[in-house]
Amino acid sequence: MAETQAPRVPAPAAQSFEYRLQRTPVGVVLLEADLTIRSVNPVAMRLLAPPGERLAGVDILSLHPDEAREKVAFLIERARTSADGTSSLVVTTAMGSLIAKVSRLETTPGGPVEGFCMMIHTLAEAPVMGRAQAGDADVQVEGLAVAGEAAMKALCPLMKLPLVQGKGDLISLIDVNEVVCLVAQGHYAEARTLGFSAFCPRPLADLERRLDPALFVRVHRRYLVNIRHVRAATREDGAWHLVMADTAQTRVPVSRARVEAIRRLLAV
């Protein structure tokens with residue numbers, strides 16, 4: 001009997017620049033003149049807001065660690081004083097690039113500054129490791145929707161973590177296995193290793209999507225732990241904590257909703 005071969009499925013066409021531009025997520029933030037947040041769109045809410053917290057009335061600079069605060073303040077000040085009332089800045093990290101654009105808002109030419117509009121564009125070429133919700137037809141790969149099998153082929157784990165220590169633009173890379181835990185700090189993260197802590201210029205949710213879910217587990221809305229570096233589990237006054245293997249023996253709280261899953265994972 002002659003063998004029949006399955007028909008070849010044509011490779012998906014490369015996405016055009018126009019397509020990628022249309023699908024690129026854009027965060028929009030409206031600021032008062034004193035730099036407190038008036039309102040944001042859903043993309044900016046996901047980028048900037050710590051889980052469960054509101055942004056209205058929050059100083060935009062307070063959401064950034066010291067390493068990034070000066071750059072954001074400089075960007076806004078340029079928009080305040082420039083002739084056309086705009087400024088932009090490309091921020092490049094080891095995991096991708098962002099374009100931040102700020103426009104001055106005023107009601108009369110040359111009148112007082114009424115506020116600012118900040119727009120955050122993501123520029124991405126490399127795919128990321130995603131975690132699709134059950135039943136979803138598409139997976140978001142750096143803001144681009146990829147369907148079905150093509151999405152699975154596009155996913156790749158994060159092998160190195162970008163870290164910034166002190167002020168400056170120098171980014172060092174460490175193996176993700178060296179990370180003990182990651183702590184949300186506004187819309188960035190703090191990485192704690194066995195010997196030191198450093199600023200990571202990526203949101204915790206972004207890192208969670210790219211890290212191996214078999215090793216890095218979300219135990220609390222602010223904490224992602226490397227399960228290999230859990231030294232002990234304790235229970236005090238009904239609350240569970242994980243004691244990590246770093247020199248500071250960081251105590252990580254476990255949220256009530258995740259206690260049973262963590263206990264099963266650690267057999268405690």
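A cavity here is a set of grid points where a 1.4 Å probe fits but cannot get out. With that in hand, here are legends for several close-up views of this predicted model.

**View 1**
Searching the whole structure for cavities of 30 Å³ or more turns up 1. The space in the largest cavity comes to about 40 Å³. Its lining is made by Ala233, Trp240, Leu242, Val254, Val259, Ile262, Arg263 and Val268. Two or more lining residues come from each of E16 and helix H6 (259-266). H6 is the element that gives the most, with 3 residues. By class, the lining has 7 nonpolar residues, no polar ones and 1 charged one.

**View 1. The three-stranded sheet E15-E16-E17.**
This open sheet has 3 strands in the order E15-E16-E17, and their pairing is antiparallel. E15 and strand E17 (251-253) each have a single partner strand, so one side of each is left without a neighbour in the sheet. From one strand to the next, the twist averages 30 degrees. Leu242, one of the residues lining the largest cavity, has Val252 in E17 as its bridge partner. The antiparallel pairing of E16 and E17 runs over 3 bridges.

Strand E15 (residues 230-236) and strand E16 (residues 239-244) run antiparallel and are joined by 6 bridges. If you look for Arg235, you will find Trp240 in E16 standing opposite. Trp240 is also among the residues that line the largest cavity. The hairpin has 2 residues between the strands, and Asp237 takes a positive phi near 55 degrees.

**View 2. Gln249, between E16 and E17.**
Gln249 sits in the loop between E16 and E17. This residue is not a glycine, yet its phi is positive, at about 50 degrees. Is Gln249 buried, exposed or partly exposed? With a relative accessible area of 43%, Gln249 is partly exposed.

**View 3. Ala267, after helix H6.**
Look for Ala267 in the segment after H6. Ala267 is another residue to check for its backbone: phi is positive, at about 55 degrees, although the residue is not a glycine. Its relative accessibility is 71%, so Ala267 counts as exposed. H6 itself is the element that gives the most to the lining of the largest cavity.

**View 4. The five-stranded sheet.**
An open sheet of 5 strands is shown here, in the order E12-E11-E10-E14-E13 and with antiparallel pairing. The twist from one strand to the next averages 25 degrees. Strand E11 (residues 188-193) and E12 run antiparallel, joined by 4 bridges.

A disulfide is a covalent bond between the sulfur atoms of two cysteines. The rule used for this model asks for a pair of cysteine sulfur atoms within 2.5 Å, and the count by this rule comes to 0 disulfides. Cys200 has a relative accessible area of 0% and is buried. Cys117 has 17% relative accessibility and also counts as buried, because the cut-off for buried is under 20%.

His64 belongs to the loop between helix H2 (42-48) and helix H3 (66-81). Its relative accessibility is 6%, so His64 counts as buried. How far apart in space are His64 and Tyr188, C-alpha to C-alpha? The separation is 7.4 Å, while along the sequence they are 124 residues apart.

Pro25 lies between helix H1 (17-23) and strand E1 (26-32), in the loop that links them. At 25% relative accessibility, this proline counts as partly exposed. Ala44 is 19 residues away from Pro25 along the chain, and their C-alpha atoms are separated by 9.3 Å.

Notes. Residues are numbered from 1 along each chain as its sequence is written. This is a predicted model: local features need pLDDT of at least 70, side-chain atom pairs count only at pLDDT 80 or more; totals for chains, interfaces and linings use all residues. Side-chain values use heavy atoms; hydrogens and water are left out. Two strands pair if DSSP finds at least two bridges between them. On a 1 Å grid over the protein atoms alone, a cavity is a set of points where a 1.4 Å probe fits but cannot get out, and a pocket is an open set with protein on both sides within 12 Å along at least five of seven lines; lining residues have an atom within 4 Å of a point. Grid points are joined across faces, edges and corners, and a volume is the space filled by probe spheres set on the points. Ala, Val, Leu, Ile, Met, Phe, Trp, Tyr, Cys and Pro count as nonpolar, Asp, Glu, Lys and Arg as charged, and the others, Gly among them, as polar. Axes are lines fitted to C-alpha atoms, for helices over the stretch in contact, and angles run from 0 to 180 degrees between N-to-C directions. Buried means under 20% relative accessible area, exposed over 50%, partly exposed in between (1.4 Å probe, protein chains only).
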